[in-house]
Amino acid sequence: MRLADLVAALGPASVTGDLDTAVLGLAADSRQVQPGYVFIAVKGATVDAHQFIPEAVARGAVGVVCEGQVDIPPHVAKIVVPSGRWALSALADCFYSHPARKLDLVGITGTNGKTTIAFLIKQLAEACQVRPGVIGTAGMVVGSETIAAKSGYTTPEALTLHRLLREMVQMGARLVAMEVTSHALEQDRVAHCPFPVAVYTNLTHEHLDYHQDMESYFQAKARLFRELRSGSAAVINIDCPYGQRMRLEVPDGVQVLTYSLNDPSAALRAVNLYLTSAGGTAFDLVTPAGTFPVTAPNLFGHYNVSNALAAVGAGMALGWAPDVIAAALQQVKPAPGRFQRVDRGQPFSVIVDYAHTPDGFRQLLSNMVRLKPVGSRIIMVFGSAGHRDRTKRPDMGRIAGTYADLLVLTEEDPRTESAMQIAREIAGGVDNPACQVELIEDRVAAIRHAIHTARTSDIVLITGKGNETELEVLHPTDWHGDVPAAEAALAELRKAGGRRVASRGGKRPGI
């Protein structure tokens, strides 16, 4: 590709230098520049990449995209743009041959539920004979193939994103369900992704270290809907108060499909909903095309039924047959690390989940206590991320303490903060005197302690990391995932013949 072809994707720009040069690659990190690359200097929150332009030139950059008047050698083309981030998106889209235009993109935004909805859409697509891809927290997937683990961001930076989309096109994907974060929207990572369908889940206390207040957080999410093109569709949860506002952000010419567990005016509803004794759900799915009975043994909790309605809305907006969608719901499985059971024959339940916000705790625990066997306990292992919104920590403690009997507070990506100080801040919110609180810094030891403490019919709930396998700590760690840590602890119990489990009788919980 010639530099002139790339520059054309930027629209009006101030250009000096030779544009007939061949471009072999793009980089926004000067350390990744190779001869023949174009370097895009982006101003970040803490680092301004303009300071690395000399390094990029020394490494062989043939062009530099920058936001201001920077001294660049005459043999290197200089392209001055208003926004380096927007330019990065435009150039990535162009360099990788506009892959987003070749796919049905479903953008999913909201505080909670994005990953589950993405994987539900994937499974519904497969039932409708559509080859799907997924981009988000649980990794980058096409069909049954995982092509990349989590990129470091739920929504990758624009260069990675468009490269992944091109790879998905080459692998035959026709649809990609993509988690779209508020950070990604504010930072123009998806500026060149036309979404035929956008899904709004909810907006609750999270990321206020970045957005400062809920209104700014809402406005960031609303960009996904304001920028929808005529003929596309918006699927919106109107059980969330912000969802009512989000409807007003949708432009004329965009179809709106609302969903709700409570509002009879919604286009998509679940009525006669109940939790089954085995921990699944059953309900009547109400759609504009009719009502369909659904029994979903692997869809736990009211909140996941709400997530299922979102996935149904996306499928119907894409023209999939509602009866096929309804039948497929009965076979769906949870996303990796979302209400994932770890069963090695033990007489109690062990569940790994990604819940890491106050609302996520409330949704998960309020459903779990409905199925908790009489006389059993909920033992919960969790922490909170360092250098993130501190104000949510006591709220997490208060909510967890309301429902759980024992909290084992531990490290959860503390980064350079003290994991035990974070744990003390969480514990400070616990106001239920009947709830016992223990602090164990090492996450492997905390999980082991919870499992070795469990008695027959108890529920051990390990939250916050889901299917992640890396822990951001300053010390060496043997932790490589909550599921492996739980399996190792259960293997110890089995090897010991269960001697460290004090049986209390009763039936094994069916969740």
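Author: Before going on, a word on the ground rules. This is a predicted model, so local features need pLDDT of at least 70 and side-chain atom pairs count only at pLDDT 80 or more, while totals for chains, interfaces and linings use all residues. Numbering runs from 1 along each chain as its sequence is written, and side-chain values use heavy atoms, with hydrogens and water left out.

Now go to strand 21. Strand 20 pairs with strand 21 in the parallel sense, again over four bridges, and Val408 has Glu438 as its bridge partner there. To get from strand 20 to strand 21, the chain passes through helix 14, residues 419-427, in a right-handed β-α-β crossover. Right-handed here means that, with the strands pointing away from you, the path from the first strand over the helix to the second runs clockwise.

Stepping back, these strands belong to an open sheet of six, in the order 17-18-22-19-20-21, with mixed pairing. Strand 17 (340-341) and strand 21 (436-439) are at the edges with a single partner strand each, so one side of each has no neighbour in the sheet. As a general point, strands of a sheet pair through backbone hydrogen bonds, either parallel or antiparallel.

Another helix to look at around here is helix 12, residues 358-371. It has 14 residues and spans 21 Å from first to last C-alpha, close to the 20 Å expected at 1.5 Å a residue; that expectation is 1.5 Å times one less than the number of residues. Ten of the 14 residues of helix 12 are buried (under 20% relative accessible area; over 50% is exposed, and in between is partly exposed, using a 1.4 Å probe and protein chains only). Among the buried ones are Phe361, Leu364, Leu365, Met368 and Leu371. Strand 18 (349-353), strand 19, helix 13 and strand 22 (459-463) are among the elements that cover them, and helix 10 and strand 14 (268-275) are included too.

A nonpolar core is a set of buried Ala, Val, Leu, Ile, Met, Phe, Trp, Tyr and Cys residues joined through side-chain atoms within 4.5 Å. The largest one has 44 residues, and Ile121, Val199, Trp320 and Leu329 have the most contacts inside it. Helix 10 (residues 302-317) gives the most to this core, eight residues. A separate second core has 35 residues, including Met140, Met168, Cys193 and Tyr200.

Leaving out neighbours within four places in sequence, Trp320 is in contact with residues including Ile121, Leu124, Ala125, Cys128 and Val130. Ile121, Leu124 and Ala125 are also among the buried residues of helix 4, which runs over residues 114-127 and reaches 20 Å from its first C-alpha to its last. Helix 4 is mostly covered, with twelve of its 14 residues buried. After helix 4 comes Gln129, with a positive phi near 65 degrees.

Most residues other than glycine have a negative phi. His98, in the loop between helix 3 (84-95) and strand 6 (104-109), has a phi near 55 degrees and is partly exposed at 24% relative accessibility. Asp188 has a phi near 60 degrees and lies in the loop between helix 6 (182-186) and strand 11 (197-200); at 13% relative accessibility, Asp188 counts as buried.

Conventions
Pairing = 2+ DSSP bridges. Helix = DSSP H or I, 4+ residues; strand = E, 2+ residues; numbered from the N terminus. Contact = heavy atoms within 4.5 Å.
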